[in-house]
Amino acid sequence: MSIIPIIDLSDPQGPRAVADAIGRTCRETGFFLITGHGANPEIIERGWQASRAFFDRPVEEKLTAVMPYPGYPYGYSPVKGETLAASLGDAKPADLKETFSFGPSAFQRLDHKPADDAEAFVFSANPWPLGGDEFRLATQAYYREMSALAGRIMRFFALALDLEETYFDRFIDREASALRLLNYPDLTEDPVPGQLRAGVHSDYGSITILMQEDAPGGLEVKGLDGEWHRVPAVAGSFVINIGDLMQRWTNDQWKSTLHRVTIPPRDLGRSARRQSMAFFHQPNWDAAIACIPTCLKPGETAKYPPVGSGEYLASKFRSTVVKA
């Protein structure tokens, strides 16, 4: 039986029951599946198909949107372009995946001037591939849909933490979120020791909303028992997990759990290609993430000093760059 629960956001018992279920799993694994989420299925399907079509394009076409330099946050990154385990200070081989990412500058006012390096990084320009606007429009619509869903989930989080339902609204009204499209192609060579499709890591922000397909070599979570557990792919659901900033917000009461994407068996006799879409919800770039008052017991002190949302995101992302 999976350690990853399925939580129906439309539970007829009401928001309090949903919040209680979320609070329990966030204290244990920080991972759960959601159904009854209300996201528009047509927008989801268009985004998924646009992502598939992009990764099916010849590599020279994908490279028209390549990240301008190593460490740039947005654009296309080819296979072996990133090492996620490095975000934890772990030297591992590069990941066997390709990605396309874009961030909040796709929706930003053109007259806005970054206040500092962290904001300039988070709001970097988005490269887009040549060949029409269908891909951009479909994926931007998906981003907006996930942003709205994240806002609804954050209200359940507030209730779970004994806060006013709107507590987090002021921290996410100018969010610095990013959408990452991921393709894990069939292996053309044997991986080197320690190599994974996505190395062991935790996510950096508040929430990750993941759409995944049921394919070999999938997502695994490290449980409290120290073992790796497969995250099931359930039609019509999203995988939700909390990130480092939410763990800091809750003074470690909630868990930003380690996870990875494994290498599929080589003798399947069929394709092991895997696709996913990850929406990384990030508080406003200048939000100060400090311990929530309800997460401090009498006489207890916060485990972490306040940290800027954009500052933390920029430092973690840059650490994953593959060094030449």
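Me: In this predicted model, where a disulfide is a pair of cysteine sulfur atoms within 2.5 Å, what makes the sulfur of Cys-295 too far from the closest cysteine sulfur for a bond?

Reply: The closest cysteine sulfur to that of Cys-295 belongs to Cys-291 and is 5.7 Å away, whereas a disulfide requires the two sulfur atoms to be within 2.5 Å, so the pair is too far apart for a bond. The sulfur of Cys-26 is likewise too far for a bond, because the closest cysteine sulfur, in Cys-295, is 11 Å from it. The structure as a whole holds zero disulfides.

Me: Why is Cys-26 called buried, and what makes Cys-295 buried?

Reply: Buried means under 20% relative accessible area; Cys-26 has 0% relative accessibility and therefore counts as buried, and Cys-295, with a relative accessible area of 1%, is buried too.

Me: How do you know that the span of helix H2 agrees with its number of residues?

Reply: Helix H2 runs over residues 41-56, and its 16 residues, at 1.5 Å a residue, should span 22 Å; because its end C-alpha atoms are 23 Å apart, the two values agree.

Me: Which residues of H2 are buried, and how do you know that they are on the same side?

Reply: The buried residues of H2 are Ile-43, Ile-44, Gly-47, Trp-48, Ala-50, Ser-51, Phe-54 and Phe-55. They cover an arc of only 165° around the axis, which puts them on the same side of H2. On the other side of H2, Pro-41 and Glu-42 are exposed. At the start of H2, a side-chain oxygen of Asn-40 comes to within 2.8 Å of the backbone nitrogen of Glu-42.

Me: Why is the pair of Asp-56 and Arg-273 called a salt bridge, and which parts of the chain does the pair link?

Reply: A salt bridge needs a side-chain nitrogen of Lys or Arg within 4 Å of a carboxyl oxygen of Asp or Glu, and the closest N and O atoms of Asp-56 and Arg-273 are 2.7 Å apart. The pair links distant parts of the chain, with Asp-56 in helix H2 and Arg-273 in the loop between strand S11 and strand S12, 217 residues apart. By this rule the count of salt bridges comes to eleven.

Terms used:
Residues are numbered from 1 along each chain as its sequence is written. This is a predicted model: local features need pLDDT of at least 70, side-chain atom pairs count only at pLDDT 80 or more; totals for chains, interfaces and linings use all residues. Side-chain values use heavy atoms; hydrogens and water are left out. Helices (H or I, at least four residues) and strands (E, at least two) are DSSP runs, numbered from the N terminus. The expected span of a helix is 1.5 Å times one less than its number of residues. Buried means under 20% relative accessible area, exposed over 50%, partly exposed in between (1.4 Å probe, protein chains only). The arc is that of the directions from the helix axis to the C-beta atoms. A polar contact is a pair of N or O atoms within 3.5 Å; within protein, one must be able to donate a hydrogen and the other to accept it, and residues adjacent in sequence count only if both atoms are side-chain atoms.
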